[in-house]
Amino acid sequence: MTVKVEDKLFLNRFRVDEKPHIRIIEGNICMEKCENQPCLYFCPANVYRLEKNRISVAYEGCLECGSCRIGCPNLNIEWHFPTGGYGISHKFG
Amino acid sequence: MQENYDVAIVGAGPAGISAASLLAEKGVKTIVFERGEYPGAKNISGGVLYGHDLAAIIPDFAKRNCPVERNIIESRLWFLAKESGYSLSFRDRAFYEKQAFNAFTVGRAKFDRWFAEQAKVKGALVVCSTVVTDLLRDSNNRVIGVTTDRSEGDLKAKVVVLADGINSPLAAKTGFRPEPKPSHIALAVKEVIELPEEIINERFNTETGHGATIEIIGEITQGMDGIAGIYTNKNSLSVCIGANLSDFMESKVKPYEMLEEFKQHPMVAPLIKDGQAKEYMAHWIAEGGYDTMPQLCGDGYLIAGDSGMLFNALHREGSNMAMTSGRFAAETIAGALDKGDFSRKALAGYVSRLQNSYVIKDLKKYRRFNAFRLQHHELFTTLPKLGGFAAQKMLTVDGVTKKEKQKTIWKEVRKKISWASLIRLLWNGWRSVK
């Protein structure tokens with residue numbers, strides 16, 4: 001089944017922080033050391049995408065669950081809360 | 001911020017606001033920091049809250065425009081195979097007469113904001129759009145306040161309550177609660193699907209104001225240890241599905257694809273037909289249980305709610321434990337303020353209050369439940385498949401004798417699961433909930 005996560009993220013209200021709150025610490029580790037790259041699958045907002053020679057981080061649509069921070073097999077993701085008031089704001093919750 | 005406060009609370013969710021409400025009521029100078037634009041902006045639950053624990057904070061909550069969606073009068077359990085499923089449900093008149101608001105649904109963006117308003121009326125200060133980034137400590141490593149992401153954002157307080165939820169980089173940074181292991185949490189996604197109130201009434205066989213919850217396990221989580229839920233709101237349904245993060249890391253299942261497949265299940269699709277998706281969210285569920293609880297108090301601080309891993313995965317109770325732990329935190333702090341002692345020893349009454357209540361007693365009772373599910377993935381694979389197969393065979397009227405059908409079913413059962421593993425499953429299952 002192909003589902004476009006963008007269609008879901010489009011429903012949400014985001015106030016995007018210009019300063020990214022997620023950073024891959026060592027890009028090489030993802031490409032050379034990480035076999036399964038599970039972040040490409042388990043992230044509920046598809047923040048992590050495989051490009052030609054790196055994994056890109058579309059932090060703007062992050063749902064702030066925190067899974068990548070502890071689910072990266074190499075703990076290679078630095079993840080903070082967005083600046084106060086930024087990021088997702090639930091309408092219903 | 002130069003002012004000093006008696007109590008600083010991190011997080012304006014059910015735990016933090018419960019504590020703030022009761023402390024402010026006693027005249028304690030209390031400040032709450034919330035990272036969202038408003039209380040509830042970052043919060044989700046399946047959507048069920050419990051009147052008993054809320055009434056201990058706001059006794060007349062029903063008269064104070066508490067944003068209740070529907071009072072739950074019926075609970076359903078579903079056990080689903082891919083294309084089929086079993087349903088068991090319980091409804092009781094008591095749940096809308098004598099025991100109204102025993103359990104009710106809410107949208108947390110609305111409820112948490114309302115709840116925080118009640119605390120503000122009593123005198124608590126709630127500061128939103130502010131992340132607490134660290135804790136202030138003195139030379140003896142006692143917690144004496146918080147650091148925020150505002151300019152000049154340090155604030156001193158006699159006691160700090162950490163009520164910042166399950167996803168807490170602060171807890172990890174300060175070392176007060178190590179990061180959860182992926183197997184100790186579930187990652188859940190939720191969609192709010194709008195439908196007219198009357199349509200929901202018809203589909204769930206309820207009257208206006210009354211609602212139902214459905215808790216679901218089976219093949220829907222694609223072999224992972226997980227759970228789904230459907231909860232009725234006034235004019236929407238909350239459709240949730242989640243699984244253990246360690247299983248997600250192995251399976252390559254995408255949460256949003258799993259959600260869409262779940263929505264197409266023959267027992268789910270008719271309930272949400274023609275509904276409009278309004279919001280899509282994700283959150284952790286603290287599933288690790290009793291053995292993953294951190295030390296809940298120390299010199300100058302207390303940990304309440306999800307942040308302390310206070311969650312009962314079997315009965316999907318968490319918001320009630322958050323409120324009650326917030327209440328115990330307030331009672332303990334009030335006593336400590338009287339004595340002017342904020343050491344770990346002086347705050348230890350918080351832990352004994354929790355130990356003597358249903359909160360830790362229930363967590364202790366189910367301490368093996370998380371490990372049980374992770375050791376028995378057949379609950380989410382073989383068993384629902386066999387269950388579906390058996391019922392399908394027995395209910396098909398095709399001239400084959402029932403004895404013959406029974407034989408076919410047993411043959412299939414024996415092929416898929418050994419007696420030994422079935423007995424082990426039952427024994428371990430019993431032990432995990434007894």
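Student: What makes the pair B:E179 and A:R69 a salt bridge?

Tutor: In this predicted model, the closest N and O atoms of B:E179 and A:R69 are 2.5 Å apart; a salt bridge is a side-chain nitrogen of Lys or Arg within 4 Å of a carboxyl oxygen of Asp or Glu, so the pair meets the rule. Across the interface of chain A and chain B, the rule finds six salt bridges.

Student: Which element gives the most to the side of chain A that touches chain B?

Tutor: That is α4(A), with four residues, where helices are DSSP runs (H or I, at least four residues) and strands are runs of E of at least two, numbered from the N terminus.

Student: Why is B:T206 called buried?

Tutor: Its relative accessibility is 10%, and buried means under 20% relative accessible area, with exposed over 50% and partly exposed in between (1.4 Å probe, protein chains only), so B:T206 counts as buried.

Student: Which residues does B:T206 touch, not counting residues up to four places away in sequence?

Tutor: B:T206, found in the loop between α5 (197-204) and β12 (210-218) of chain B, touches B:R70, B:R91, B:I200, B:N201 and B:G211 by that count, contact meaning heavy atoms within 4.5 Å.

Student: How are the residues numbered, and how far can local features be read?

Tutor: Residues are numbered from 1 along each chain as its sequence is written, and chains are lettered from A in the order in which they are written. Local features need pLDDT of at least 70, side-chain atom pairs count only at pLDDT 80 or more, and side-chain values use heavy atoms, leaving out hydrogens and water.
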